[in-house]
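Subject: Structure handover

Hi,

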Amino acid sequence: MTSVDRPAAAPDPHPVPPAEHAAGQAAWPAGVAYPAVEPDRFTRLVLRLHARAPRWAVPLAAVGCVGLGMAYALLSDPTHSDPDARPTCLLKLTTGLDCPGCGGTRALWYVLHADLPAAARHHFLFVFSLPFLAWLFVSWAGNRAFGWRLPELRINPKVIGGFLALWLAFSVARNLPWAPFTSLYV
């Protein structure tokens, strides 16, 4: 008996998904069940490591990757290296054009040395996006590692699309060979 003192209805042995039923399409075949896929050894290892890892492991790994990038920028000093010094941008090497991220390493070097005008000269959009990226990381890592409930930055998909369109326009404009755009060369 149910809580309303009447017998429960028997479940339908051949359920039809509502979208297909409304469209008049055929129902799912009865009794078809796909066997569960057995994970391979590597997947089982990764799942075991993930289950045993502390909460702070992933944010720490992300900080380590960002730290390695910063260390590379500081040690390589991209502001005084030759334009064809290794490693070089494959797009610039093959086409001679500046890629969308061209100047980002130099901008990071200048940001790390607190010279924001010079950093913006090399890649303005990178410098503009740094505070947003930093807050997104701090709020995610604080929640993940320590359970902090920091306000999350809610970005509308249209804003992201607009930023990507602006980045594309900036990437095209910095490669134009005419007078106002040649100042964007890096």
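This is a predicted model: local features need pLDDT of at least 70, side-chain atom pairs count only at pLDDT 80 or more; totals for chains, interfaces and linings use all residues.

Core. The largest nonpolar core is made of 6 residues: Ala107, Trp109, Tyr110, Ala118, Ala119 and Val127. Helix H5 (104-112) and helix H6 (116-122) each give it at least two residues. H5 has the largest share, with 3 residues. Look at Ala119 in particular. Leaving aside residues up to four places away in sequence, Ala119 touches Ala107, Tyr110, Val111 and Val127.

Helix pair. Helix H7 covers residues 124-146 and helix H8 covers residues 157-173. They pack at about 155°, and their axes lie 10 Å apart. Angles over 145 degrees count as roughly antiparallel, so H7 and H8 fall in that class. From H7, the contact uses Phe124, Leu125, Phe128 and Ser129. From H8, it uses Phe163, Leu166, Trp167 and Phe170. By type, the contact residues are 7 nonpolar, 1 polar and no charged.

Salt bridges. The whole structure holds 2 of them.

- Glu38 pairs with Arg44, with the closest N and O atoms 3.9 Å apart. Glu38 is exposed, at 61% relative accessibility. Arg44 is partly exposed, at 32%.
- Glu152 pairs with Arg154 through their side chains, at 3.6 Å from N to O. Here Glu152 is partly exposed, at 48% relative accessibility. Arg154 is exposed, at 72%.

Why is Arg154 called exposed while Glu152 is called partly exposed? The cut-off for exposed is over 50%. Arg154 is at 72%, and Glu152 is at 48%.

Best wishes

Terms used
Residues are numbered from 1 along each chain as its sequence is written. Side-chain values use heavy atoms; hydrogens and water are left out. A nonpolar core is a set of buried Ala, Val, Leu, Ile, Met, Phe, Trp, Tyr and Cys residues joined through side-chain atoms within 4.5 Å. Buried means under 20% relative accessible area, exposed over 50%, partly exposed in between (1.4 Å probe, protein chains only). Helices (H or I, at least four residues) and strands (E, at least two) are DSSP runs, numbered from the N terminus. Contact means heavy atoms within 4.5 Å. Axes are lines fitted to C-alpha atoms, for helices over the stretch in contact, and angles run from 0 to 180 degrees between N-to-C directions. Angles under 35 degrees count as roughly parallel, over 145 as roughly antiparallel, 65 to 115 as roughly perpendicular and the rest as oblique. Ala, Val, Leu, Ile, Met, Phe, Trp, Tyr, Cys and Pro count as nonpolar, Asp, Glu, Lys and Arg as charged, and the others, Gly among them, as polar. A salt bridge is a side-chain nitrogen of Lys or Arg within 4 Å of a carboxyl oxygen of Asp or Glu.
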